[in-house]
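Me: I've got a fold open on my screen and I'd like to walk through its strands. Can you take my questions one at a time?

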Amino acid sequence: MSIIQHDVIIIGAGAAGLMCAASAGQRKRSVLVLDKGKRPGRKILISGGGRCNFTNYTVEPQNYLSQNPHFVKSALSQYTQWDFLGLIAKHDIAFHERDHGQLFCDDSAKQIVDLLLRECADTEKVKYQYQIDIISIERLDNTGFIVHTNNGVYQCESLVVASGGLSMPRLGATPFGWKIAEQFGLKVIQPQAALVPFTLDGKEKELCNLTGTALPVRVSCNNQSFTEALLFTHRGVSGPAILQISSYWNVGDTVVVDWLPNLDLADLLVQAIDKNPAQELKTMLSKVLPKRLVEIFIGLGDVTNCLLRQLTQKQIDHIAMTLHHWILKPNGTEGYRTAEATLGGVDTNYLSSKTMEARDVPGLFFVGECMDVTGHLGGYNFQWAWSSGWVAGLNV
Ligand code: FDA
């Protein structure tokens with residue numbers, strides 16, 4: 001069988017792979033993108049509720065989790081959110097800002113996939129093959145790689161692994177990138193679902209009676225806190241606050257929930273006692289929290305109902321403490337099925353932060369989510385895909 005030669009082969013036609021293809025193509029490198037799925041950018045298409053939260057006005061290294069927190073700095077500064085916004089302007093894509101600087105398409109996430117495909121097409125150097133099974137990869141003596149597939153054998157100087165993480169297996173997520181990493185002697189940090197809803201059991205399952213209700217909370221775990229919305233679900237809790245904190249949570253950890261992050265409940269109770277001493281505590285609390293939630297707190301014994309005038313200062317402090325520092329003990333997460341991202345992956349200590357190239361395997365690059373870099377919710381994971389893909393493209 002004849003071997004077809006390209007300068008660069010990219011495995012994965014997702015966010016990072018397509019950005020890398022555009023960047024390499026602009027340098028007139030011939031690029032072949034291989035993907036096992038039927039079409040490119042499938043996760044982009046469903047992201048941000050179909051509108052793709054493609055980046056954020058504020059992107060800082062602190063918005064990323066990695067065992068090496070410094071690793072993201074170089075790529076994020078070589079290709080910034082403003083660079084991507086330049087592309088958005090070039091392609092005339094209307095967008096809007098939501099809370100916390102998050103940027104979404106006005107119209108559809110498909111515009112982002114089209115943008116990437118047009119950038120690639122303009123270079124006239126990028127080819128694609130879909131529904132490809134990669135059978136094996138071998139390295140030639142310091143001169144490149146041979147990729148054996150169900151549809152031919154390809155040779156390249158540079159091989160870029162852009163096969164993503166494990167979230168959403170129904171969209172074709174595979175551990176392929178980590179297998180390649182291990183084949184070439186790179187360590188893989190144990191992957192784990194991130195940006196994922198929590199499941200509850202035992203008495204906390206009562207909270208599921210509020211399914212569909214959302215409220216602002218502050219959640220804290222392992223020295224991290226987020227103040228955003230919490231959403232009750234039929235299996236537990238979700239919403240931006242929970243998705244964010246889930247990336248810092250390990251099995252067995254508790255999460256501290258402040259149900260009233262914008263109020264001083266002790267103060268409020270003192271004022272209420274003064275104004276309306278004959279009011280029941282549950283009536284007063286139902287003015288600032290969903291009534292059903294207050295009933296659950298009473299049912300669980302966290303709060304004892306009484307008339308406001310019967311409250312002692314000690315009881316006031318106890319109620320305030322309980323509702324500002326409520327201990328939630330998730331029994332697990334919904335796992336990769338609904339996770340938006342994957343923690344862990346290819347250990348960044350084995351990669352150059354400037355180029356994404358494996359330190360000990362010249363010509364082998366890893367980009368995007370398959371490496372141990374996980375962004376907060378808010379467009380940070382796509383920005384990492386753009387930044388890491390772009391810089392790899394400059395060096396393949
Ligand atoms: P990505 O997963 O995009 O692409 C990997 C590609 O590799 C896929 O095309 C896959 O088919 C291919 N592949 C896998 N295994 C292969 C194999 N063995 N052979 C060949 N090809 C293979 N982020 C954000 O910043 N803003 C947002 O709004 C959202 N929203 C969102 C919603 C949902 C539901 C999910 C699941 C995720 C998000 N994300 C997000 C996260 C974001 O989608 C994710 O971080 C990026 O898509 C990662 O880009 P990659 O290119 O690394 O992987």
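Predicted model: local features only at pLDDT ≥ 70, side-chain atom pairs only at ≥ 80, totals over all residues.

Me: In strand 10, which residue is the bridge partner of Val-8?
Reply: Strand 1 covers residues 3-11 and is joined to strand 10. Look across from Val-8 into strand 10, and the bridge partner is Ser-158.

Me: In which sense do strand 9 and strand 10 pair?
Reply: A hairpin links strand 9 to strand 10 through two residues. Across the pair, Ile-146 stands opposite Gln-155 of strand 10. Strand 9 (residues 144-149) pairs with strand 10 over five bridges, and the sense is antiparallel.

Me: How many of the ten residues of strand 10 are buried?
Reply: Buried here means under 20% relative accessible area. Strand 10 (residues 152-161) is largely enclosed by the rest of the structure, because the buried residues number nine of the ten.

Me: Which strands stand at the edges of the open sheet of seven strands?
Reply: The order is 17-16-13-14-15-12-18, with antiparallel pairing. Two strands have a single partner strand each, so one side of each lacks a neighbour in the sheet: strand 17 (326-328) and strand 18 (332-333).

Me: What angle does the direction of helix 11 make with that of strand 16?
Reply: Helix 11 (residues 313-324) packs on that sheet, touching strand 16 (255-258) and strand 17. Its direction and that of strand 16 make an angle of about 120 degrees.

Key
Residues numbered from 1 in each chain as written. Heavy atoms only, no water. Buried < 20%, exposed > 50% of the residue type's maximum accessible area, 1.4 Å probe, protein only. Helix = DSSP H or I, 4+ residues; strand = E, 2+ residues; numbered from the N terminus. Pairing = 2+ DSSP bridges. Contact = heavy atoms within 4.5 Å. Axes fitted to C-alpha atoms, helices over the stretch in contact; angles between N-to-C directions.
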